[in-house]
Amino acid sequence: MYIKKEGKVIDQSKRPNTPQTLAADFRKLGIQEGMSLIVHSSLKSIGWVAGGPTAVILALQEVLGETGNLVMPTFTSDNTEPSYWSAPPVPESWWPIIRAERPPYLPDLSPTRGMGAIPEAFRCQRDTLRSFHPCDSFAARGPKAEYIISTQTIEDSMGETSPLGKLYELGAHILLIGVTHANNTSLHLAEHWANYKGKKNERQGAAMLIDGERQWVEYDSLCYDSDDFAKLGETFEFLKTGTNVGLVGQAESRLVPMVPLVDFAVGWLEENR
């Protein structure tokens with residue numbers, strides 16, 4: 001099955017993508033040495049890549065250089081309160097077993113879920129750092145990597161103390177490769193800062209290591225909602241300048257300045273939710 005899928009990608013690709021061609025595409029899009037960059041991506045949208053996700057990561061690191069910071073979300077959404085699960089749900093009789101026996105989040109071992117091949121490869125790279133949040137972790141690489149991931153708290157996973165808050169402070173850019181603003185986690189920072197109707201917390205849970213012992217930890221988390229992020233992003237691009245749109249391989253991609261987008265999103269959420 002994998003070979004058939006890869007053959008289809010090859011047939012639909014106009015050229016082989018390599019670290020060299022991808023680096024050229026990233027530079028043309030506006031990525032520069034020394035930037036702090038958070039990436040959301042779809043590998044298959046690029047077309048066939050010689051080296052797969054490794055080639056994309058190496059190309060990004062080449063363009064950012066030694067002074068740049070590369071960040072990707074590495075979420076583990078299966079380490080959450082199972083009574084909320086809907087995609088797919090599990091039987092209610094399973095809930096206590098999951099809470100009691102699911103392995104704890106381990107930054108060096110726990111795989112991402114639903115994040116795609118590129119962040120999964122990135123979080124495994126030597127010297128890449130990963131934050132300790134049991135569900136909403138981020139991986140980072142670069143001179144500011146430790147600073148970016150170090151203060152994320154369990155109850156403020158995507159707020160001011162999170163890697164998103166640090167990236168905002170650093171004036172970072174957002175790179176969307178073959179995905180829309182519906183996948184733009186930076187907009188969750190705006191949810192923390194905005195006051196909108198229906199804003200609420202939910203009681204969450206996760207398996208964690210506490211003093212070397214596996215525990216099920218309950219905590220309060222903002223009830224995040226990305227259903228309107230695509231419309232929010234489209235409105236921002238229509239009304240504001242600063243977004244660069246171009247191709248990475250065959251993938252329509254966007255380079256977006258984080259600060260003006262998040263600032264805009266705060267007001268948009270307050271007016272439209």
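The structure is a predicted model, in which local features need pLDDT of at least 70, side-chain atom pairs count only at pLDDT 80 or more, and totals for chains, interfaces and linings use all residues. Residues are numbered from 1 along each chain as its sequence is written, and side-chain values use heavy atoms, with hydrogens and water left out.

Strand E8 (residues 244-248) and strand E9 (residues 251-257) run antiparallel and are joined by five bridges; strands pair if DSSP finds at least two bridges between them. Helices (H or I, at least four residues) and strands (E, at least two) are DSSP runs, numbered from the N terminus. Asparagine 244 stands opposite leucine 255 in E9. Two residues separate E8 and E9 in this hairpin, and glycine 249 in the turn has a positive phi of about 65°.

Side chains of opposite charge can pair when their charged atoms come close. The structure holds 11 salt bridges, each a side-chain nitrogen of Lys or Arg within 4 Å of a carboxyl oxygen of Asp or Glu. One of them joins aspartate 228 to arginine 273, with the closest N and O atoms 2.8 Å apart. Aspartate 228 lies in the loop between E7 and helix H10 (229-239), and arginine 273 in the segment after helix H11 (258-272), so the pair ties together parts that are 45 residues apart in sequence. Aspartate 228 is buried at 16% relative accessibility, whereas arginine 273 is partly exposed at 22%; buried means under 20% relative accessible area, exposed over 50%, and partly exposed in between (1.4 Å probe, protein chains only). Glu191, Asp228 and Arg273 are linked in a network of salt bridges.
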